Amino acid sequence: MTARDVLLLGTALGTLLVAGAFAVFSLMVMPALGALPGPAGIAAMQSVNRVAVRPPFMALFLGAAVLCLLLAGWELAGERRPLVLAGAALHLVGAVGVTVAANVPLNDALAGADGSAVQQWGDYLRRWTAWNTVRTAASLAAGALLVVALAGTG
């Protein structure tokens, strides 16, 4: 296994771990928070949003993005270029880009809400979960493409 293969494997694992974290939210956490009374759901999600920006998750999320950039740069001249560039782009646009453009602004708006913002909470749940599902699918597809690229070597 070459250094390039190790980077490819690490990047694939990183994107797939991010996909898993996102999937847990769309499949379990958000429906559970939606079942709570509005004020409790809002408070719980505000807490989740504060915890999410701590080092453990940020290292995984940003680490996978950095690995995508490094891998894409290294693979520009490689035979796996189409799969690798597609996988890296999917993760960078579909996970990182959607996070910055959609999920973070929704989180910022919710941060200032109080328990009486029940109407905002229902809208938040629908929109946040929809965009999170996009992030999940993009990261999963990215990881799959990178695994296919790795399997194609050898």
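This is a predicted model: local features need pLDDT of at least 70, side-chain atom pairs count only at pLDDT 80 or more; totals for chains, interfaces and linings use all residues.
## Packing of H1 against H5

Helix H1 spans residues 3–35, and helix H5 spans residues 118–151. The axes of H1 and H5 lie 8 Å apart and form an angle of about 155°. Because angles over 145 degrees count as roughly antiparallel, H1 and H5 are assigned to that class.

The crossing of H1 and H5 is left-handed. The residues in the contact of H1 with H5 comprise 22 nonpolar, 10 polar and two charged.

## Packing of H2 against H5

Helix H2 covers residues 38–52 and packs on H5 at an angle of about 50°, with an axis separation of 9 Å. The two helices H2 and H5 are therefore oblique to each other, and their crossing is left-handed.

On the H2 side, the contact is made by Gly-38, Pro-39, Gly-41, Ile-42, Met-45 and Asn-49. H5 contributes Val-118, Trp-121, Tyr-124 and Trp-128. Of the residues in the contact of H2 with H5, seven are nonpolar, three are polar and none is charged.

## Packing of H1 against H2

H1 and H2 pack with their axes 9 Å apart, at an angle of about 140°. This angle makes H1 oblique to H2.

Phe-25, Met-30 and Leu-33 of H1 meet Gly-41, Ala-44, Met-45 and Val-48 of H2. The contact of H1 with H2 consists of six nonpolar residues, one polar residue and no charged residue. Gly-41 and Met-45 of H2 take part in the contact with H1, and Gly-41 and Met-45 are also listed in the contact of H2 with H5.

## Ala-3 in helix H1

Where is Ala-3 found? Ala-3 belongs to helix H1. Is Ala-3 buried or exposed? With a relative accessible area of 51%, Ala-3 is classed as exposed, because the exposed class applies over 50%.

Ala-3 and Cys-68 are 65 residues apart along the chain, and their C-alpha atoms are separated by 15 Å.

Note on methods:
Residues are numbered from 1 along each chain as its sequence is written. Side-chain values use heavy atoms; hydrogens and water are left out. Axes are lines fitted to C-alpha atoms, for helices over the stretch in contact, and angles run from 0 to 180 degrees between N-to-C directions. Helices (H or I, at least four residues) and strands (E, at least two) are DSSP runs, numbered from the N terminus. Angles under 35 degrees count as roughly parallel, over 145 as roughly antiparallel, 65 to 115 as roughly perpendicular and the rest as oblique. A crossing is left-handed if the near helix is turned anticlockwise from the far one by less than a right angle, and right-handed if clockwise. Contact means heavy atoms within 4.5 Å. Ala, Val, Leu, Ile, Met, Phe, Trp, Tyr, Cys and Pro count as nonpolar, Asp, Glu, Lys and Arg as charged, and the others, Gly among them, as polar. Buried means under 20% relative accessible area, exposed over 50%, partly exposed in between (1.4 Å probe, protein chains only).
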